[in-house]
Amino acid sequence: MEWLKDVVNFLSNPTIFFTGAVVLWVLIMKYYRIWTAPKFIKTVTILSVIALGAALFDPNFAKEALKPDNVPIWIMIYSVGFFFWLAMRRGLLNDDLMAEGLPNLEKQESDKRVYTWPDLVYSELICMVLFTAFLVGWSVILKAPLEDPANAGVTPAIAKAPWYFLGLQEILVYYDPWMAGVILPGLIVVGLIAMPYFDMNPKGNGYYTIKERFWALWVWGFGFVVLWIALIFLGTFMRGPGWNFFGPFEYWDSHKVVALANINLSEIVWVQLFNIGLPSNILVRESVGIILTVLYMSVIPPLLAKTFLKKLYEEMGLVRYSLMIVLVLIMASLPIKMYLRWSFNLKYIVSIPEYMFNL
Amino acid sequence: MNPLKKLWNYVTDTQVWKSIFRHGTPDNPRDQSLAVLSNVALHLHPVKTRKSGVRMSFTWCMGGLTFFIFLVESVTGILLMFYYRPTLEFAYNDIIALREHVPLGILREIHRWGAHSMVITVWLHMFRVFMTGSYKPPREFNWGVGVILLVLTMLLSFTGYLLPWDQLAIWAITVGANMGAATPFAGVEGPGTMLLKIGDISLVHSGNDAKFGLLAGRFIGEATLLRFYVLHCIALPFVAAMLIAVHFWRVRKDGGISGPL
Ligand code: HEM
């Protein structure tokens, strides 16, 4: 048993965990025909519940997993999992129907109208009753937490935001607060609002489908499942005191010290590569990082527009395409920065602490 | 005749009943229509709905559940307001009192777990709308309204988190509030802020930056508690209620629940 825990602890390391999530996402979107089979998902669910139940015997795991405010995360994970399965399953069924030239499941019924009373009204009533029963049950079983009275003088071993923000708090490891706490959340909201104006594919409106909008599902799902939900999981269960990494079965030792050996790009270039020390002029010092950043944002978009995304570019036009690609590149910069950190200990690409500007 | 049936007939024949329900038993098209049209809550719906859109496997009922939880939170929230005073002296003790003096009380639990549930259902609702492509024309605008509702839902949860005034509360809010200080050009620790000065005088300092605006002070204190309380109990629910009305109106105006054209 112990060796198994050690293996899980090892595999939960952010580098492996995140890489695993990305690989899993690629596989999920490639082999959906396999896992959307009801049998497959039933087996996975049962196995995961058994594994979870077994893991709860470990006191270190149980302590975090059963914290009252963390319980909703499990509900969230299982419900997102279930509904993702349902949507993909129906998408697959529809794709198969449409491939044969038949109307999809929604189309078969969309011309029929039913009376709102009783069909819809009763469905809603049943939903409300079931949910109320669920909520009352939850409230009876689990007391709302209340810790010691607020005291600004007593810093807890770890201060965590509410769980739904922990993905953002995890990003703080790789980005400074102005990016992780202000710019990125702002861009998520802006990007979501702008999304319908970017996605010009008229197909897949009002029914489940995978094939007809595969890349839209791929990119959006990557953001939602990997960058949002997987990071929440990481930030909640694998980050202990000092925001240090702890495996799910590890004791959260608040004295754990992790040597930080992260360095800036400017140091790598001027000190390690050229061996001449940091230039005193800020712009010269940061020139490499600035040039790389500018190149990233200005060369990749036209390059893609000429090659892989040619068709997309022609459909969208210059303005739409540019706005979209900038948002996508900023989203992609997060995994890029994570991997730069893990492989080169890179702290900042551009670091101008003089003006509190670190990228 | 069955005595229950007799009683039912008697009751539904009274002037009182008829003054409330202006339709007969909804077992025929006419009364089914009237049942929906003459009820202020039900008339949010059209009289007839697309069959594909009524399916639970299509909408997952997540928008409806989110709205239902919003109502549950409103009712339990109002009840909690009877017992809770947002001051340093009382806030924590009022929560203790609620927990110690009310036998079998689950009011606070319903409100707290309901809030967590609402965050989850609103994500699932957004996820469903995405997976059915329902943000596509003509529903782009309503998707945008939805995104604001999503933000409001999370802000409601966030502001409520401070109110019990325990260690969990203030340190969670501290994490969030520190982000305010990092706002570019508007927070003291934000990039570019130090460029904003006239002569030697900084225009943005810890006494007027974004964090100060959020906390109503340099640190979390009584003014913060009041600010979050008013946001949580009045301002945010008010805006959310307005936007939910717009959201529902637009669902209807955009042609009802989406379906294949
Ligand atoms: C407080 C939050 C919200 C409430 C109470 C709410 C409520 C509802 C309800 C009751 C519906 C009818 C269909 C259904 O239940 O699925 C609906 C539809 C819709 N919602 Fe929301 N919603 C909320 C948030 C959101 C969010 C976050 C989004 C997207 C980002 C969104 C976008 C939409 C769209 C586009 C429709 C039309 C869907 C269709 O026609 O198929 N809503 N909403």
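I began with burial in chain A: 42% of its 359 residues are buried (under 20% relative accessible area with a 1.4 Å probe, protein chains only). The model is predicted, with local features requiring pLDDT of at least 70, side-chain atom pairs counting only at pLDDT 80 or more, and totals for chains, interfaces and linings using all residues. Residues are numbered from 1 along each chain as its sequence is written, chains are lettered from A and ligands numbered from 1 in the order written, and side-chain values use heavy atoms, without hydrogens and water.

I counted 16 helices and three strands in chain A (DSSP runs numbered from the N terminus: H or I of at least four residues, E of at least two).

I next examined helix H11 (residues 214–237) and helix H16 (residues 318–344) of chain A, whose axes come within 11 Å and cross at roughly 50° (lines fitted to C-alpha atoms over the stretch in contact, with angles from 0 to 180 degrees between N-to-C directions). I listed the contacting residues (heavy atoms within 4.5 Å): A:Val219, A:Phe222, A:Gly223, A:Leu227 and A:Leu231 of H11(A), and A:Met331, A:Leu334, A:Pro335 and A:Met338 of H16(A).

I then turned to the ligand, whose iron atom is coordinated by B:His125 (NE2) and B:His247 (NE2) at 2.0 to 2.1 Å (donors are N, O and S atoms within 2.8 Å of the metal, or 3.2 Å for Na, K and Ca; water is not among the atoms, so sites may look incomplete). B:His125 lies in helix H8 (residues 107–131) and B:His247 in helix H12 (residues 222–253) of chain B, 122 residues apart. I noted that both histidines, B:His125 and B:His247, are buried.

Terms used: Buried means under 20% relative accessible area, exposed over 50%, partly exposed in between (1.4 Å probe, protein chains only).
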